[in-house]
Amino acid sequence: MTAPAPIAMLAELTHRCPLSCPYCSNPIALAQKERELSTEVWVDVFRQAADLGVLQLHLSGGEPASRRDLLELVKAARDAGLYTNLITSAIGLTERRLQELDAAGLDHIQLSLQGTDADMADHIGGYQGGFNRKMQVAEWITQIGFPLTLNAVVHRKNLHQLPRAIEMALEMKARRIEVAIVQFHGWALQNRAALMPTRDQAAKASRIVADARVAHKGTLVIDYVPADYHSDYPKRCMGGWGTTGLNVTPDGTVLPCHAAETIKGLTFDNVQDKPLSDIWYRGAAFNAYRGQDWMQEPCRSCDRRKLDFGGCRCQAMAIANDPAATDPVCIKSPLHDKMKQLADGFANDETAPLIYREFP
Amino acid sequence: MTDSTPLLSGVPFIPRGVRLHFDKVRALWVLLAPERTINLDPIGLAIMNEIDGTSTLDQIAENLSAQYNAPVDEIAADIREFVAGLMDRRILEVRR
């Protein structure tokens with residue numbers, strides 16, 4: 001089969017981050033600063049991505065503001081014709097730097113929210129003063145007029161703050177809020193017992209989102225990532241593996257999805273060795289789960305296979321120990337009951353501590 | 001809750017953070033917006049091309065009606081549907 005051209009690229013500029021969120025989805029082993037791609041290589045990658053058909057560029061990390069060349073990278077991305085989105089915690093952004101990013105043509109900012117007050121946010125982010133700083137930066141963002149999406153990551157410890165998070169998005173004049181119930185990949189896997197929402201919390205979050213969508217129609221767009229483990233059907237894996245988007249890690253490794261390195265047996269190419277187009281169309285990792293030939297039962301004969309593509313490959317790896325298995329969340333998976341038990345077991349663990357990530 | 005039916009006397013405009021862009025690789029016009037890409041069909045593109053920040057929806061309907069030799073009521077209905085859909089997604093705004 002011929003793969004379509006990718007629409008989106010996530011550029012993980014660095015793994016460095018002042019925060020140490022326990023739900024970090026980056027891998028356990030982080031790329032050191034010395035291994036990060038240079039400005040010149042990133043600029044070339046942005047041009048290659050635009051030529052390949054990428055329209056949307058997400059500058060992420062770690063904390064992308066930790067890169068001293070962020071301004072140059074944004075300029076280069078805009079020069080390449082890419083819609084440029086900065087995914088940030090706000091730490092490392094000053095009013096002056098925001099004005100410079102504005103002049104450089106930054107299109108949009110996605111601001112993460114760890115909690116709706118300093119106690120919660122600084123506790124979850126593991127960074128004292130982070131919340132107050134974020135609120136200051138949010139004011140500058142609004143004053144400058146950047147289009148803003150607030151990204152509220154919610155879990156058992158802060159889901160009660162969801163209504164306030166939606167109010168805050170309105171107060172910040174954000175056009176969008178992404179309500180993301182935490183997904184368990186990378187570092188987050190070991191914090192499932194501390195963060196797993198209860199079934200009641202997950203259901204309540206869905207109701208809050210549905211009501212808010214009606215109440216704020218035309219003012220605030222709400223994207224919603226429901227609680228994965230409590231679902232009956234899996235999430236759509238990357239909108240189709242190797243069909244829509246790609247990820248470039250700080251050292252230049254190109255991944256079909258953020259967590260793909262957890263899948264044993266896959267080999268990944270690096271932008272320093274091969275053209276991006278070769279990697280996208282011919283790379284072994286990208287072709288591994290394209291189309292449907294790799295599917296097993298019950299996916300192979302299931303009508304939903306074109307909707308959700310069998311669910312998350314990384315989750316199949318993590319729970320079923322087989323990356324080609326049906327996502328264990330699926331009600332048709334033989335592991336669905338195990339998944340429910342896992343979810344309820346984690347959700348009712350009242351003593352689990354938060355395990356913070358540390359940058360080496 | 002805001003009324004998402006745009007008034008015909010309103011002036012539509014493209015807000016900051018939304019760009020009309022020709023996608024060379026796929027050979028089609030798109031709207032680039034925060035974390036969304038909207039593919040434009042010929043009707044959508046014709047409407048977007050008329051949005052200049054000063055013309056009212058009414059005037060745009062009349063212009064397109066003349067250009068395409070189609071009844072102005074039909075065109076106006078198409079425009080309202082198109083604009084309302086994008087307004088709900090915060091991709092287009094209308095000054096009243």
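**Figure 1. The second largest cavity of the predicted model holds about 60 Å³ of space.** A cavity is a set of points on a 1 Å grid over the protein atoms alone where a 1.4 Å probe fits but cannot get out. Its volume is the space filled by probe spheres set on the points, which are joined across faces, edges and corners. The lining residues, those with an atom within 4 Å of a point, include L19(A), S89(A), Y127(A) and K134(A). Helix 4 (118–125) and helix 5 (130–144) of chain A each give two or more residues to this lining. Helices are DSSP runs of H or I with at least four residues, strands are E runs of at least two, and both are numbered from the N terminus.

**Figure 2. The largest cavity has a volume of about 90 Å³.** Among its lining residues are P234(A), C299(A), R304(A), D308(A) and K332(A). The lining divides into 5 nonpolar, 2 polar and 4 charged residues. Ala, Val, Leu, Ile, Met, Phe, Trp, Tyr, Cys and Pro count as nonpolar; Asp, Glu, Lys and Arg as charged; the others, Gly among them, as polar. The structure holds 3 cavities of 30 Å³ or more.

**Figure 3. Chain A has 13 helices and 9 strands.** Buried residues (under 20% relative accessible area, 1.4 Å probe, protein chains only) make up 58% of its 360 residues. The C-alpha atoms fill a box of roughly 55 × 45 × 45 Å along the principal axes.

Residues are numbered from 1 along each chain as written, and chains are lettered from A and ligands numbered from 1 in written order. In this predicted model, local features need pLDDT of at least 70 and side-chain atom pairs 80 or more, while totals for chains, interfaces and linings use all residues; side-chain values use heavy atoms, without hydrogens and water.

Terms used: On a 1 Å grid over the protein atoms alone, a cavity is a set of points where a 1.4 Å probe fits but cannot get out, and a pocket is an open set with protein on both sides within 12 Å along at least five of seven lines; lining residues have an atom within 4 Å of a point. Buried means under 20% relative accessible area, exposed over 50%, partly exposed in between (1.4 Å probe, protein chains only).
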